[in-house]
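Q: I would like to learn how to read a structure of this kind. Could you take me through it feature by feature?

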Amino acid sequence: MYIGLVALVSCHPVTMPSVAPLRAPDGQEIKIESSPYERRASTVWHEGHFTIYYNSAWFTYRVHPDAQNFVLYHELGHIQLGHLGKDVYLSKEQKRLSEQEADCYAGKKLQEIHYNSEQIKNVYEFMETEIRDENRLDN
């Protein structure tokens, strides 16, 4: 989790269908902001609120809108499932499971806003490719 000063840039608005405004379990509004320092997206607790940061260049030029919604719902899943702040203490396997839980949360949210199974399958395949490519670059 990245906590600290983050330089923010305004790019384009990101909206999530049927979930405006986004709320944390305690009812507090969740901010969504762009950051050039993110690879894709992450969620942080900073200065008393949750913020989902996303890489605007990645969102604008590489990601289909269906996958944009998935990524934002995935990050919201980390908040709703209480994952934040625990990742420091988790094993590699536990971190993988928390990512899977957030993926499942996002998939259910896409179903709630009437994505069909083919759209959801395409989103999962896109994200798997992105993660595989990212891991290849890291090695």
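A: Start with the surface. The accessible surface of the chain comes to about 8500 Å², and carbon and sulfur atoms account for 53% of that area. Keep in mind throughout that this is a predicted model.

Q: How many helices and strands does the chain have, and in what order do the elements run?

A: There are four helices and three strands. Read from the N terminus, the order is β-β-β-α-α-α-α.

Q: What is the mean pLDDT of the chain, and where is confidence lowest and highest among the elements?

A: Where pLDDT is low, the predicted coordinates should not be read in detail. Here the chain averages 77, with 80% of the residues scoring at least 70. Element by element, α1 has the lowest confidence, with a mean of 82, and α3 the highest, at 90. Residues 1–19 have a pLDDT below 50, and this stretch makes 48 contacts in the model beyond near neighbours in sequence.

Q: What share of the chain is buried, and what share of contacts join residues at least 24 apart?

A: Of the 139 residues, 40% are buried. For the contacts, take those between residues at least 6 apart in sequence: 58% of them join residues at least 24 apart.

Q: Which residues have the most contacts inside the largest nonpolar core, and which elements supply it?

A: That core has 25 residues, and I30, F70, V71 and L110 have the most contacts inside it. Two or more residues come from each of β3 (49–54), α1 (56–61), α2 (65–80), α3 (92–112) and α4 (117–138). The largest share is that of α2, with seven residues.

Q: What does I30 touch, leaving aside its neighbours within four places in sequence?

A: The contacts of I30 are L22, R23, A24, F50, I52, L76 and I79.

Q: How should I read the length and burial of α2?

A: Compare the end-to-end distance with the expected one. From first C-alpha to last, the 16 residues of α2 reach 22 Å, close to the expected 22 Å at 1.5 Å a residue. As for burial, 14 of the 16 residues are buried, which leaves α2 mostly covered. Just after this helix, G82 has a positive phi of about 75°.

Q: Which residues of α3 are buried, and how far does the helix reach?

A: An α-helix has 3.6 residues a turn, so residues three or four places apart point the same way. The buried residues of α3 are S98, A102, Y105, A106, G107 and L110. This helix has 21 residues and reaches 31 Å from its first C-alpha to its last, close to the 30 Å expected at 1.5 Å a residue. Just after α3, H114 also has a positive phi, of about 75°.

Q: How many aromatic pairs are there, and why is the pair of W45 and F50 edge-to-face?

A: The whole structure contains four aromatic pairs. The ring centres of W45 and F50 lie 4.9 Å apart and their planes meet at 70°, so the pair is edge-to-face. W45 is partly exposed at a relative accessible area of 38%, whereas F50 is buried at 14%. Elsewhere, Y54, W58 and F59 form one aromatic cluster.

Terms used:
Residues are numbered from 1 along each chain as its sequence is written. This is a predicted model: local features need pLDDT of at least 70, side-chain atom pairs count only at pLDDT 80 or more; totals for chains, interfaces and linings use all residues. Side-chain values use heavy atoms; hydrogens and water are left out. Buried means under 20% relative accessible area, exposed over 50%, partly exposed in between (1.4 Å probe, protein chains only). Contact means heavy atoms within 4.5 Å. Accessible areas come from the Shrake-Rupley method with a 1.4 Å probe; for residues, only the protein chains shown count as cover. Rings of Phe, Tyr and Trp (its six-membered ring) pair if their centres lie within 6.5 Å; planes under 30 degrees apart count as stacked, over 60 as edge-to-face and the rest as tilted. A nonpolar core is a set of buried Ala, Val, Leu, Ile, Met, Phe, Trp, Tyr and Cys residues joined through side-chain atoms within 4.5 Å. pLDDT is the predictor's confidence in each residue, from 0 to 100. The expected span of a helix is 1.5 Å times one less than its number of residues.
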